[in-house]
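Have the model open while you read.

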Amino acid sequence: MNNIELIDTLEKTGHLDKEQWVQLFDTFTDDDRAYAAQKASAAAVAQFGKSIFIRGIVEFSNVCKNDCLYCGIRKSNANCERYRLTKEQILDCCDAGYEYGFRTFVLQSGEDKSYSTDTLCDIVASIKKAHPDCAVTLSVGELEYDDYKRLFDAGADRYLLRHETADEQHYGKLHPSEMSWAHRMKCLEQLKEIGYQTGCGMMVGSPFQTSEHLAQDMLFLERFKPQMIGMGPFLPHKDTPFKDEPAGSYELTLFLISLCRLMLPDCLIPATTALGTIRPDGREKGVLAGANVIMPNLSPIDVRKKYLLYDGKICTGDESAQCRACLERRMESIGYKVVITRGDHKSYDKDSSLR
């Protein structure tokens, strides 16, 4: 089959085999990518209309116990100015975000063990008490089952944990030896088992990545069926071992968004800040390729420049209200509308699960 036929097959069946994925990644053209984007955009509109869901991110700590080779807040980066937000600061960010129309708050940090599970549970429960109509998403890395379960019982609705790569050997080239690909995958399985709306995803164009690795990623996503897929281009950071590695492909990232939308039509897929960093209109192009989520920053302005996973990150100086208004205009310019809603996955049972 040629690539157009492969894209049609994916749209109809939700499946390609590994060799077909490799063919697509090795040989796709701009015309193939445009065709996939047209199909994916139509699929997203069929599922969600022209609505774009917004999530307000609170980056509450850039302290991390891990030393991932690609990450600007890795433990070994002595040039990173560390910070931690208090519970009160986090709640203030969410209160302000609520006034701006956010109904999902994403609490994201490095793997900072100074925040105990008790502390995180208290923060989650306090947000849900103040804003019972809102969803809380956590992105705080690898924990153990009991920790995940306690946070879920405290009111956390969703969890983002990028798998980074579905190939164990490739994972080993991106992470220090003490980090385990098997444990990362186990965490994802546990999150789904507990009942979180679960998000995973990969870095596009990460060092040593091949078309075979991306094919494995797509087969994993098909099998795992996450409710959310977060992926963006790899962007180097000057204070990491990968500082001289080339950035991931903008075009391939957009193509992958389209392919994921065709494979899992009801999935929640963000147009990431990294896309907007690599191109000024990157997030708009992400939406036109099939994405349906935007994640602006609600963190205090004085810490935003300290949470740099990669160089050149955008919106580190914007007020949250400015950022929200800017994104609304950007989405309207391409015919979409930002909506004030939690923006849950369609599998979410609101009667039994709205906590």
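**Notes on helix packing**

1. The buried residues of helix H6 pack against helix H5 (117–130), strand E4 (135–139), strand E5 (158–160) and helix H8 (181–194). Contact here means heavy atoms within 4.5 Å, and buried means under 20% relative accessible area, exposed over 50%, partly exposed in between (1.4 Å probe, protein chains only). Helices (H or I, at least four residues) and strands (E, at least two) are DSSP runs, numbered from the N terminus.

2. A word on provenance: this is a predicted model, where local features need pLDDT of at least 70 and side-chain atom pairs count only at pLDDT 80 or more, while totals for chains, interfaces and linings use all residues. Residues are numbered from 1 along each chain as its sequence is written, and side-chain values use heavy atoms, with hydrogens and water left out.

3. Which residues of H6 (residues 145–154) are buried? Tyr148, Leu151 and Phe152. They cover an arc of only 100° around the axis, so they sit on the same side of H6; the arc is that of the directions from the helix axis to the C-beta atoms. Asp146 and Asp153, on the other side of H6, are exposed.

4. Now for H3 (residues 30–48) and H10 (residues 250–263): they pack at about 45°, axes 8 Å apart. Axes are lines fitted to C-alpha atoms, for helices over the stretch in contact, and angles run from 0 to 180 degrees between N-to-C directions. Among the residues that meet are Ala36, Ala40 and Phe48 in H3, and Leu254 and Phe255 in H10.
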